[in-house]
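Please look over the structure below before reading the notes. They are grouped by topic.

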Amino acid sequence: MNGTIRLLYDYFPSAIYTGKSLVFISEDWRVELIEHKNNDFTRTINVPIFIRVKIFKKALSGEFLAGHYEDFHLDTLSEMAEQIEKYVQSAVGSNIREEA
């Protein structure tokens with residue numbers, strides 16, 4: 001498990017690790033946290049990792065349809081986790097730390 005994803009997994013114990021992302025799933029929503037690196041090889045400095053949060057809503061067909069996503073890059077892991085939690089709570093209307 002990746003470093004940042006591993007630490008976020010500790011913060012969100014109800015998450016499921018899929019091998020590439022953390023997933024929260026409920027009856028109507030799916031939320032994915034994916035670790036990304038900026039692969040711009042023209043830059044001379046090492047660009048830090050960021051977390052992309054993707055929100056999916058269940059359609060009438062039962063499929064989860066991609067809605068929107070947001071990239072998080074904050075200085076401390078605790079601040080990042082808190083902001084991700086607020087973002088998801090605003091988007092889906094429930095607390096992901098209490099889901100599952």
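**Briefing**

The side chains of glutamate 32 and arginine 30 make a polar contact at 2.9 Å (a pair of N or O atoms within 3.5 Å; within protein, one must be able to donate a hydrogen and the other to accept it, and residues adjacent in sequence count only if both atoms are side-chain atoms). This is a predicted model, in which local features need pLDDT of at least 70, side-chain atom pairs count only at pLDDT 80 or more, and totals for chains, interfaces and linings use all residues. Residues are numbered from 1 along each chain as its sequence is written, and side-chain values use heavy atoms, with hydrogens and water left out.

**Glutamate 32**
- Glutamate 32 lies in strand 3 (strands are DSSP runs of E, at least two residues, and helices are runs of H or I, at least four, numbered from the N terminus).
- Its relative accessible area is 10%, so glutamate 32 is buried (under 20%; exposed is over 50%, partly exposed in between, with a 1.4 Å probe and protein chains only).

**Nonpolar core**
- The largest nonpolar core has 20 residues, and Leu8, Phe12, Leu33, Val53 and Ile84 touch the most other members (a core is a set of buried Ala, Val, Leu, Ile, Met, Phe, Trp, Tyr and Cys residues joined through side-chain atoms within 4.5 Å).
- Helix 2 gives the largest share of this core, 6 residues.

**Helix 2**
- Met80, Ala81, Ile84, Glu85, Tyr87, Val88 and Val92 are buried in helix 2.
- Glycine 93 follows helix 2 and has a positive phi, near 80°.
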